[in-house]
Amino acid sequence: ATEMRGKWGNFGFILYLGDELDGELPLERGHGESESENKLDGETASDSESKSEFGGSPPVPTSDDTPEVLNRALSNLSSRWKNWWVRGILTLAMITFFFIIIYLGPMVLMTIVMCVQIKCFHEIITIGYNVYHSYDLPWFRTLSWYFLLCVNYFFYGETVTDYFFTLVQREEPLRILSKYHRFISFTLYLTGFCMFVLSLVKKHYRLQFYMFGWTHVTLLIIVTQSHLIIHNLFEGMIWFIVPISCVICNDIMAYMFGFFFGRTPLIKLSPKKTWEGFIGGFFATVLFGLLLSYVMSGYRCFTCPVEFNNDTNSFTVDCEPSELFQLQEYNIPVVLQSVVGWKTVRMYPFQIHSIALSTFASLIGPFGGFFASGFKRAFKIKDFANTIPGHGGIMDRFDCQYLMATFVNVYIASFIRGPNPSKLIQQFLTLRPDQQLHIFNTLKAHLVDKGILGSLEDA
């Protein structure tokens, strides 16, 4: 660890070209810094003592994992431009893969979300295991994966009960599992909790509780928010695609603006982020969100909620578009009329919402990346993994997406979603006849008092 700090003091602390790069800024440290300055920002003497207590140095950055074919093809370029081309080529490959899974439909998208969740969880748990593996903690990995299984059982069980209510009521085993779902989930968690208590070893109490907290915070960040992504998908694929695309666009455009124009450091936590990249990425993302929303709002396969058809036992995305996805005419402010030359503009109401989504993706979303940067610097690692050459691990690519997913879910619940008549009817039909009759009489009396039922009968 001392040798590593000496090298970083001489050659400067240069983060990898993952999410840390919005242009190449020569923010290296000088030769004359003291030992305390050679430490990562925020590292104190107590941190060094903790390392001694917890056994050894944190993991060091991994070696270059760029495919050999790209290394040979780009061997004549400087390191700066080589990284630029590697990121660009693999970004195009990932965007192509993204289009393919969108084409394959919602079931494939949900499967991919599940796979991404598991890989992100694996990357974060592996970091904890690699940092503290010398203690050979009993059952640490086993319990981590067990808790992942329990939390997924709870969340996906809730989703199945909510969105496939008729199917669940039709099948007796599913109906029983649905009825006692929360009790079963809690029992499973209690089993893991008791296993953890039984695994406690006297000389490792503090570290085992650290790892217990590590696992639960990882579950909160990864599993809970990936579950919200699936909920967004059920509201309509447009609520899934546009936010994700805005984050991707902001990441690319911030990098491009920073690469070519970046001069002013943005945040000390991530030295290669620049104000030029941050501002340029914001305007580019808002424009991109407006254009993408306009294109997608015209297709029912993107705007209709994803629902389960009991007749065909398959997902359907066919409906009558809501007002949110119907063109409307808006008056342009008088101040801008002389500039654009128009008095009105026709656009989808969803495009107005897309401005809020793209603004969050540009201004707040990057803080998910800054949070991940701080986490990586705390453990002196360059990336969460080396799954994607030039980009790091899966978590390196999704650190902003999870924060975005939570915002979209809260935004839909606060400003978009209303009562769902179809779900109310499904639940009504599962009640006993006397309960149904009671609700019918109550509703009839209410409509008569409102004068609605009488007017309908007269008509």
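## Aromatic pairs

Y255 is buried, and F259 is buried too; buried here means under 20% relative accessible area, exposed means over 50%, and partly exposed lies in between (1.4 Å probe, protein chains only). This is a predicted model, in which local features need pLDDT of at least 70 and side-chain atom pairs count only at pLDDT 80 or more, while totals for chains, interfaces and linings use all residues. Residues are numbered from 1 along each chain as its sequence is written, and side-chain values use heavy atoms, with hydrogens and water left out.

How many aromatic pairs are there? The count comes to 27 aromatic pairs, taking rings of Phe, Tyr and Trp (its six-membered ring) as paired if their centres lie within 6.5 Å, with planes under 30 degrees apart called stacked, over 60 edge-to-face and the rest tilted. One of them joins F196 and F209, an edge-to-face pair at 5.3 Å centre to centre with 85° between the planes. Helices (H or I, at least four residues) and strands (E, at least two) are DSSP runs, numbered from the N terminus. F196 counts as buried at 7% relative accessibility, whereas F209 counts as partly exposed at 45%.

## A tilted pair and a cluster

Back to Y255 and F259: their ring centres are 5.7 Å apart and their planes stand at 50°, so the pair is tilted. Y255 and F259 are four residues apart in helix α12 (residues 237–261), which puts about one helical turn between them.

Which residues do ring pairs link into a cluster? The cluster holds Y146, F147, Y189, F193, F196, F209 and F212.

Helix α6 (residues 106–132) and helix α11 (residues 205–234) have axes that come within 10 Å and cross at roughly 165°. That angle makes α6 roughly antiparallel to α11. Axes are lines fitted to C-alpha atoms, for helices over the stretch in contact, and angles run from 0 to 180 degrees between N-to-C directions. Angles under 35 degrees count as roughly parallel, over 145 as roughly antiparallel, 65 to 115 as roughly perpendicular and the rest as oblique.

The α6 and α11 crossing is right-handed; a crossing has this hand if the near helix is turned clockwise from the far one by less than a right angle, and is left-handed if anticlockwise. The contact of α6 with α11 has 20 nonpolar, five polar and no charged residues, where Ala, Val, Leu, Ile, Met, Phe, Trp, Tyr, Cys and Pro count as nonpolar, Asp, Glu, Lys and Arg as charged, and the others, Gly among them, as polar.

Now for another crossing. The axes of helix α16 (residues 349–363) and helix α18 (residues 394–416) come within 11 Å and cross at roughly 150°, and these two helices are therefore roughly antiparallel. The crossing of α16 and α18 is right-handed.

## Cysteines

The model has one disulfide, defined as a pair of cysteine sulfur atoms within 2.5 Å. It joins C304 to C319, with S to S at 2.1 Å, and is left-handed, with -95° about the S-S bond. This pair links distant parts of the chain, 15 residues apart: C304 lies in the loop between α14 (300–303) and β3 (307–309), and C319 in the loop between β4 (314–316) and β5 (328–331). C304 is buried at 0% relative accessible area, while C319 is partly exposed at 23%.

C249 counts as buried at 11% relative accessibility, whereas C194 is partly exposed at 43%.
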